Amino acid sequence: MTWNNNREWATGSTRTWRTKRAATLHRDNYTCTIRGRTCTDTATEVDHILGKAEGGTDAASNLRSVCKPCHQTLTSQQAQRGRATRSNKRAPMRHPGLG
Ligand SMILES: [Zn+2]
């Protein structure tokens with residue numbers, strides 16, 4: 001059944017993810033780690049510190065507990081950042097010598 005687990009893993013909504021999610025919330029004592037302006041302090045969701053679109057993984061070190069308002073703020077900020085990156089013609093700073 002290993003292959004089946006792998007396929008579940010790829011969908012992103014799995015028993016494995018639910019387990020990691022619960023473990024992350026437990027690790028952080030169900031306390032939001034962002035503490036934004038509208039923070040409720042109580043974490044009910046789990047965020048990828050480095051988004052999966054940016055190469056982040058489901059490793060415990062890349063997961064943090066967040067409350068819903070903070071998560072929504074974060075998600076919209078990431079979306080704005082993504083749009084800005086795509087529409088910005090100027091290349092980001094690079095090491096001079098690597099280009
Ligand atoms: Zn919060």
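Trainee: Does T75 count as buried, partly exposed or exposed, and what class is that?

Mentor: Happy to start there: in this predicted model, local features need pLDDT of at least 70 and side-chain atom pairs 80 or more, whereas totals for chains, interfaces and linings use all residues. Residues are numbered from 1 along each chain as its sequence is written, and side-chain values use heavy atoms, leaving out hydrogens and water. Buried means under 20% relative accessible area, exposed over 50%, and partly exposed in between (1.4 Å probe, protein chains only). With 43% relative accessibility, T75 is therefore partly exposed.

Trainee: How far apart are the C-alpha atoms of T75 and D47?

Mentor: T75 sits in helix α3; helices (H or I, at least four residues) and strands (E, at least two) are DSSP runs, numbered from the N terminus. T75 and D47 are 28 residues apart along the chain, and their C-alpha atoms are separated by 9.2 Å.

Trainee: What is the geometry at the zinc ion?

Mentor: Donors are N, O and S atoms within 2.8 Å of the metal (3.2 Å for Na, K and Ca). Here the SG atoms of C32, C39, C67 and C70 lie 2.3 Å from the zinc ion. Four donors count as tetrahedral if all angles lie between 85 and 135 degrees. The angles among these four run from 103 to 116 degrees, making the site tetrahedral.

Conventions
Four donors count as tetrahedral if all angles lie between 85 and 135 degrees; four count as square planar and six as octahedral if opposite donors are over 155 degrees apart and all others between 65 and 115; anything else is irregular.
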